[in-house]
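Hi there,

Here is the structure I promised to pass on to you. Have a look at it first, and then read my notes below.

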Amino acid sequence: MLIDNYNRKINYLRLAVTDRCNLRCNYCMPAEGIDFSQNDKLFTIAELSKLSEILVSQGIDKIRITGGEPFVRKDLMVLLRNLSKMEGLNEISVTTNATLIGPHIDELKALGIMNINISMDAINRATFQKITRRDQYDIVHNNVLRLITEGFKVRINFIALEGQNTEDILPMLDLSKHYDVSVRYLEEMPFNGGSREFDGISWDYKRILAYIKEAHPNYEKLASEETSTSINYKIPGFKGTFGVIPSFSRTFCGSCNRLRITATGDVITCLYAKACMNIRDILRSEASEEKVKEQILKAIGSRAKTGFEAQQKHKGVFANSMTTIGG
Ligand code: SAM
Ligand code: SF4
């Protein structure tokens, strides 16, 4: 079992498979992209499978595949097939922008990979295009509806961005009126790779909740898992639910159960901390299995207690882009 230095059990791995993406969301990276990693610096699918297997043997029972955009990797389904056979791995989920998922929906269903988080920060076409800097609205919209109607557990991630998409907060919430979907409103975090200035947020989770309350005063709080980063609610009569994720306010650090590994092998034990080591070359070396276990134990043995503590220690961390971290 993986237990950190504050006695928190780490059973959830967020594994990035690439830092590339076919969108350019302005809260995530600059219009011109970032300095993307060379292919030989990225884990191969065999390495990602091996790494997952080692970590599952150590107590990881939930893996979320992220990126960059995971589906830009042509061989992603090979990894997902391997993971779906892995004993001890109870939950596999994917975070995606839903532009390229269409051809894989049937196979995902057949593999039992039903938990899909989709970044969709606007219901209005022009707003969507402005934020993502790409013309993919129809494809994303269609894939979202298809996933919902095919029975996937879909969660929409919507970042509330001052001056950009806040008029879409309520229209997006309406999706949960008609469909069994969870719409989660996230606070913006400063990891945009220099895309734009960041000097705090004006839409924190409290403001988002107060805004929703004005339209739906009788929403009810739902019970959530202790390790959940979202605080979840239901509006009477709605088929789905909604939630807020205080990703910048960081109210959830005390129960954090996550480990992040980037597509190039950086090990990140807190979103607000820099990578504490790189595991790629260790995994590539001989006798890697014991070494990987040893290094991961070392990493989680010196985690920051909270994101605020990590931020204090790691001054340059805000220069990062979320496309390399994986969210
Ligand atoms: N491309 C996929 C997607 O967009 O869903 C997966 C990678 S993306 C980096 C993972 C998550 O990070 C998404 O839910 C996205 O909304 C979130 N994210 C990216 N930049 C962010 C930021 N500056 N603040 C808060 N969340 C961010
Ligand atoms: Fe791409 Fe996801 Fe970042 Fe948007 S949030 S640019 S879809 S990696």
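**What I found**

Asparagine 218 lies in the loop between helix H8 (205–215) and strand S7; helices (H or I, at least four residues) and strands (E, at least two) are DSSP runs, numbered from the N terminus. With a relative accessible area of 47%, asparagine 218 is partly exposed. Here buried means under 20% relative accessible area, exposed over 50%, and partly exposed in between (1.4 Å probe, protein chains only). From C-alpha to C-alpha, asparagine 218 and arginine 146 are 30 Å apart in space, and they are 72 residues apart in sequence.

A word on conventions: this is a predicted model, in which local features need pLDDT of at least 70 and side-chain atom pairs count only at pLDDT 80 or more, while totals for chains, interfaces and linings use all residues. Residues are numbered from 1 along each chain as its sequence is written, chains are lettered from A and ligands numbered from 1 in the order in which they are written, and side-chain values use heavy atoms, with hydrogens and water left out.

Two strands count as paired if DSSP finds at least two bridges between them. As a reminder, strands of a sheet pair through backbone hydrogen bonds, either parallel or antiparallel.

Strand S5 (residues 153–159) is mostly covered, with five of its seven residues buried. S5 pairs in the parallel sense with strand S4 (residues 115–119) over five bridges, and isoleucine 116 stands opposite valine 154 in S5. S5 also pairs in the parallel sense with strand S6 (residues 182–186), again over five bridges; there arginine 155 stands opposite serine 182 in S6.

Strands S1 (residues 12–16) and S2 (residues 62–66) are a parallel pair too, joined over five bridges, and tyrosine 12 stands opposite lysine 62 in S2.

**Two arginines with positive phi**

Arginine 133 has a phi near 60°, a positive value in a residue other than glycine. Arginine 133 sits in the loop between helix H4 (125–132) and helix H5 (137–149) and is partly exposed, at a relative accessible area of 26%. Arginine 250 has a positive phi of about 55° although it is not a glycine. Its loop runs between strand S9 (241–245) and strand S10 (258–261), and arginine 250 counts as buried because its relative accessibility is 7%.

**Cysteines and ligand 2**

Around ligand 2 are Cys21, Leu23, Cys25, Tyr27, Cys28, Met29, Gly68, Asn97 and Thr323, each with a heavy atom within 4 Å of it. Cysteine 25 is buried, at 13% relative accessible area.

Best wishes
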